[in-house]
Amino acid sequence: MSEAARPGWVHDPELPSAVDDLRGPLDGEVHLPLRVYWTGPDPEAVTWDLGRESRRARLYEIVLREGTLDDIRSLVNGRELVRLWDRLWLPVYLRRAWQPLIDASGLA
């Protein structure tokens, strides 16, 4: 399997046309739907405090990996994604899919 290949159980990444399309909030609290986040004894009770950079970064990792394009557009902020990009823990196939958008943003 090549380094660019993705595991067969992972869906193809859904990408916006530009990171400017991503207008998610930078503060407040959100709950992720079970189809996006299902970890732990009560995943629906998990609160994501977007005012904390560490929680925002973790949420971005999860939403980019598991969310739909609508989830990504509503939960991820494009400028913040670019700012956090080098610190996010993402699979190689996902990072490669998103990298052209990050580079084209002019924000990196």
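Helix α4 has 13 residues and reaches 19 Å from its first C-alpha to its last, close to the 18 Å expected at 1.5 Å a residue. The model described here is predicted.

**Helix α4**
- Y93, L94, W98, L101 and I102 are the buried residues of α4.
- In an α-helix there are 3.6 residues a turn, so residues three or four places apart point the same way.
- The packing partners of the buried α4 residues are α1 (53-66), α2 and α3.

**The segment after α4**
- L107 belongs to the segment after α4 (92-104).
- The relative accessibility of L107 is 30%, and L107 therefore counts as partly exposed, the range for that class lying between 20% and 50%.
- Leaving aside residues up to four places away in sequence, L107 touches R79 and V82.
- L107 and R83 are separated by 24 residues in sequence, while their C-alpha atoms are 7.8 Å apart in space.

**Aromatic pair and charges over rings**
- One aromatic pair is present in the structure.
- This pair is formed by Y37 and W48 in an edge-to-face arrangement, with 5.2 Å centre to centre and 85° between the planes.
- Because Y37 lies in the loop between β1 (29-30) and β2 (48-49) and W48 lies in strand β2, the pair ties together parts that are 11 residues apart in sequence.
- Both Y37 and W48 are buried.
- The ring of W48 also has the charged end of R55 sitting over it, 4.0 Å from the ring centre.
- A further charge over a ring involves R95, whose charged end sits over the ring of W85 at 4.6 Å from its centre.

**N77 in the loop between α2 and α3**
- N77 is placed in the loop between α2 (69-75) and α3 (78-84).
- N77 counts as buried because its relative accessibility is 15%, and the class requires a value under 20%.
- A polar atom of the N77 side chain lies 3.2 Å from the backbone nitrogen of R79.
- With residues up to four places away in sequence not counted, N77 touches L22, G24, L26 and Y60.

Definitions and conventions. Residues numbered from 1 in each chain as written. Predicted model: local features only at pLDDT ≥ 70, side-chain atom pairs only at ≥ 80, totals over all residues. Heavy atoms only, no water. Helix = DSSP H or I, 4+ residues; strand = E, 2+ residues; numbered from the N terminus. Buried < 20%, exposed > 50% of the residue type's maximum accessible area, 1.4 Å probe, protein only. Polar contact = N/O pair within 3.5 Å; in protein donor to acceptor, adjacent residues only side chain to side chain. Contact = heavy atoms within 4.5 Å. Phe/Tyr/Trp six-rings, centres within 6.5 Å; stacked < 30°, edge-to-face > 60°. Lys NZ or Arg CZ within 6 Å of the ring centre and 35° of its normal. Expected span 1.5 Å × (residues − 1).
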